Amino acid sequence: MPTQVLLVEDSLEHIAMTREFLALQEKPYQLDAVSRVEDFWEQITRKNYDVILLDYNLPDGNGLEILQGLAARKIKTPTVMITGRGDERVAAKTVLAGASEYLVKSGRYLEDLPTVITRVTEQDRLKRALEEAEARYRDLFEQAGEGILLCQTDGTIIEANPTLCRWLNDSCQTLIGKNVDDVEEAASAMRQ
């Protein structure tokens, strides 16, 4: 299945070069392109993309505004910010706004692009898998019929599930930070 790429770029020449270069790669890519911010918002609602390649300067806005809009809309598609010249301030702003990578259109840019696309899509895949695993763990922890207590090596409680809290007639927030020995003593006193 081809990697779905949305290129947001106002230079038709650059769109053509990127399309031609990605077509030569062993791994298949499906490249869609738009040249305006307005067109981007229309396109991103029509199709799911694996990665967005985002030019910084656009005729009706800039890539930073798009990154901020993606965050506001909770769209988590990995995004590579691309610019015609390197500027550390702009790079820092775009990464803080959610860009996965920042590339300058110079030198070996097109040769590096497939590697960057692979890296950001793989990082995104791993991040989503981790989020799913964490959600499954959280569900198991919260719904377990057995009491579960998580502690640091020194015995400091860092988490307790609802079943244990009901057994101890205590809140999870109250237990966190206590030492497991103190909780054990309180539980023993309750049994007597």
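Me: Why is Asp-55 called buried?

Reply: Its relative accessibility is 6%, and buried means under 20%, so Asp-55 counts as buried. Keep in mind that this is a predicted model.

Me: What makes Lys-105 and Asp-55 a salt bridge?

Reply: Their closest N and O atoms are 3.4 Å apart. The cut-off is within 4 Å, for a side-chain nitrogen of Lys or Arg and a carboxyl oxygen of Asp or Glu, so Lys-105 and Asp-55 form a salt bridge. The pair links distant parts of the chain, 50 residues apart: Lys-105 is in the loop between strand S7 and helix H5, and Asp-55 is in strand S3. Asp-55 and Lys-105 also belong to a network of salt bridges that includes Glu-9.

Me: And how do you know whether Lys-105 is buried, exposed or partly exposed?

Reply: Lys-105 has a relative accessible area of 23%. Buried is under 20% and exposed is over 50%, with partly exposed in between, so Lys-105 is partly exposed.

Me: How many salt bridges does the structure hold?

Reply: There are 13 salt bridges. One of them joins Arg-46 to Glu-42, with the closest N and O atoms 3.0 Å apart.

Me: What separates Arg-46 and Glu-42 along helix H2?

Reply: About one helical turn, because they're four residues apart in that helix, which covers residues 37–46.

Me: Why is Arg-46 called exposed, and what is Glu-42 called?

Reply: Arg-46 is at 56% relative accessibility, and exposed means over 50%, so Arg-46 counts as exposed. Glu-42 has 45%, which lies between the 20% and 50% limits, so Glu-42 is partly exposed.

Me: What about Arg-138 and Glu-142: what makes them a salt bridge?

Reply: Their closest N and O atoms are 3.0 Å apart. The limit is within 4 Å, so they form a salt bridge. Both sit in helix H5, four residues apart, about one turn of the helix. Arg-138, at 32% relative accessibility, counts as partly exposed, and so does Glu-142, at 30%.

Me: Which residues form the negative surface patch?

Reply: Asp-181, Asp-182, Glu-184 and Glu-185 form it.

Notes
Residues numbered from 1 in each chain as written. Predicted model: local features only at pLDDT ≥ 70, side-chain atom pairs only at ≥ 80, totals over all residues. Heavy atoms only, no water. Patch = residues over 30% accessible without salt bridge, like charges linked within 9 Å, V, L, I, M, F, W, Y side chains within 5 Å. Areas by Shrake-Rupley, 256 points an atom, 1.4 Å probe, with all protein chains shown as cover. Lys, Arg positive; Asp, Glu negative; His and termini not counted. Charge placed at Lys NZ, Arg CZ, Asp CG, Glu CD. Helix = DSSP H or I, 4+ residues; strand = E, 2+ residues; numbered from the N terminus. Buried < 20%, exposed > 50% of the residue type's maximum accessible area, 1.4 Å probe, protein only.
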